[in-house]
Amino acid sequence: MKLRGNKSLKGETFIPGDKSISHRAIIIGSIAVGRTKIENCLLSDDTLKSIDILRKLGVDIKVDEKSNTVVIEGVGLKGLKESDEDLYCGNSGTTMRLFAGLLSGQSFSSKLTGDDSLSNRPMDRVTKPLRQMGANIADNNSLAPIIISPGEIKPIDYKMEVASAQVKSAILLSSLYGEGKFKVTEKYKTRNHTELMLEYFGADIHCNDLEISINNPNRLISKDIKVPGDISSAAFIIAAGLITKDSDIIIENVGLNTTRTGIISVLSEMGAIIKVLGIDDTNVEKSGTLNVMESFLHGITIEGEKTASVIDEIPIISVLACYAQGNTVIKDAQELRIKESDRLLAIYEGLSAMGADIELTNDGLIIRGRGKLKGAEVSSKGDHRIAMALSIAALAAEGTTTIDDVSCINVSYPNFYNDIGQLIDNNFEK
Ligand code: S3P
């Protein structure tokens with residue numbers, strides 16, 4: 001993909017469904033009793049993996065790609081059936097970890113597999129608590145495939161070692177197959193979509209800051225859902241509006257769950273002009289319309305809980321830091337080394353090639369903002385968020401940037417280039 005820089009953005013765009021919420025709606029709708037209709041469901045490579053797997057487990061799921069609507073005939077908690085095929089999760093960590101939880105309480109065996117990237121990501125963070133709950137998971141050096149045999153799920157009071165919504169969600173989904181009170185205590189507050197969705201479907205779940213408890217058995221009753229747009233996808237559009245000359249854009253349908261809006265706080269702290277124009281509070285999760293304008297940004301320090309609150313947005317924040325004045329210091333981001341790629345290394349290499357003054361540390365990056373970047377040949381490392389972050393870097397850079405592989409963007413935002421292209425009022429070369 002070749003991208004020419006120095007663009008300006010104007011107009012309105014509508015953000016596609018949130019990836020995390022779509023996965024949860026698909027999974028929880030499948031084990032509820034009755035029909036669930038999901039509107040504005042994200043239909044991307046990742047979420048389609050969750051749909052494929054549930055179909056293999058005997059769930060009837062209809063997908064209308066034109067309207068992004070999914071209709072699920074829920075089979076109830078005990079209604080999933082054994083698959084004689086492997087359950088392929090592709091590149092999707094959320095699929096593998098959430099299904100590890102869901103399948104550990106079934107009366108049949110399952111094997112979860114993934115692509116090369118996913119097969120090298122740590123799975124002990126989910127298999128450890130699940131085994132403590134009684135799950136019968138084969139030992140595979142903490143890596144995929146995850147092979148699960150029937151086990152008896154028992155209550156747990158688990159203190160999380162990493163800040164991870166995927167681990168928390170695996171425990172909560174597994175708990176649905178045991179009896180008694182299950183408790184999880186988080187290290188930092190992470191996205192709470194599983195908790196909200198379970199509550200929406202009628203589960204007896206209670207959240208008190210970092211503590212979540214669920215009393216089982218539960219019966220989940222189907223409900224229709226409208227998925228708000230993905231703020232992590234919106235972050236790329238927001239960033240483009242902030243660093244491109246004279247930009248002024250409206251971004252509709254941005255999910256505003258407070259466990260995800262860390263990106264708005266961080267960008268505001270950097271000097272971004274982001275206005276919330278209207279809020280829709282009528283669905284299971286809040287959404288709103290944002291107005292973003294070209295802004296004068298300055299560097300900040302991001303560490304601890306703040307880093308955890310923007311874990312998926314660090315690549316695009318790093319791009320913005322290059323266009324800001326002063327130093328941006330990102331610490332406590334070692335989790336980024338075990339995402340779809342080593343994101344610290346990938347962003348360091350990409351932005352270095354584009355002329356950034358950037359330093360790689362064990363757990364983060366130090367970026368000395370120079371207010372500009374130049375076009376270069378860069379690699380996405382097959383990682384969707386790196387491909388999109390470097391594409392936005394290219395939009396405001398001098399000259400042309402070539403990114404080796406952008407097909408990975410289909411993992412979370414298949415319409416990314418179309419949506420950006422429509423906001424660009426001058427020529428955008430693809
Ligand atoms: C996700 C949780 C986060 C995030 C990922 C999606 C989820 O991962 O990075 O993109 O849907 O639960 P961790 O739980 O590993 O932090």
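**Fold and contacts**

Reply: Take contacts in the protein (heavy atoms within 4.5 Å) between residues at least 6 apart in sequence: the share joining residues at least 24 apart is 75%. Bear in mind that this is a predicted model, where local features need pLDDT of at least 70, side-chain atom pairs count only at pLDDT 80 or more, and totals for chains, interfaces and linings use all residues. Residues are numbered from 1 along each chain as its sequence is written, and side-chain values use heavy atoms, with hydrogens and water left out.

Me: What radius of gyration does the protein have, next to that of a compact globule?

Reply: The radius is taken over C-alpha atoms, and the globule rule is 2.2 Å times the number of residues to the power 0.38. For 430 residues that rule lands near 22 Å, so the protein's value agrees with a compact globule. The C-alpha trace spans about 60 × 40 × 40 Å along its principal axes. The radius of gyration is 21 Å.

Me: How much of the protein is buried?

Reply: Buried means under 20% relative accessible area, exposed over 50%, and partly exposed in between (1.4 Å probe, protein chains only). Of the 430 residues, the buried part is 59%.

Me: What does I392 touch, not counting residues up to four places away in sequence?

Reply: I392 is among the residues with the most contacts inside the largest core. Its partners are F236, A239, A240, I243, I316, F416 and I420.

Me: How far is the polar side-chain atom of R24 from an oxygen atom of the ligand?

Reply: R24 is one of the residues surrounding the ligand (a heavy atom within 4 Å). S20 has a polar side-chain atom 2.7 Å from a ligand oxygen, and a polar backbone atom of A165 sits 3.0 Å from one. Taken alone, the ligand exposes 380 Å² (Shrake-Rupley, 1.4 Å probe), and the protein buries 95% of that. For R24, the distance is 2.6 Å.

Me: Is K19 buried or exposed?

Reply: K19 has its place in helix 1. Leaving aside neighbours within four places in sequence, K19 is in contact with L42, D46, T47, T94, D230, H384, R385, V411 and S412. Its relative accessible area is 8%, so K19 is buried.

Me: Which side chain makes a polar contact with the side chain of D419?

Reply: D419 lies in helix 14 (residues 416–423) and counts as buried at 10% relative accessibility. A polar contact is a pair of N or O atoms within 3.5 Å; within protein, one must be able to donate a hydrogen and the other to accept it, and residues adjacent in sequence count only if both atoms are side-chain atoms. Leaving aside neighbours within four places in sequence, D419 is in contact with T13, F14, P16 and Y413. At 2.9 Å, the polar partner is Y413.

Technical notes: Core = buried A, V, L, I, M, F, W, Y, C linked by side-chain atoms within 4.5 Å. Helix = DSSP H or I, 4+ residues; strand = E, 2+ residues; numbered from the N terminus.
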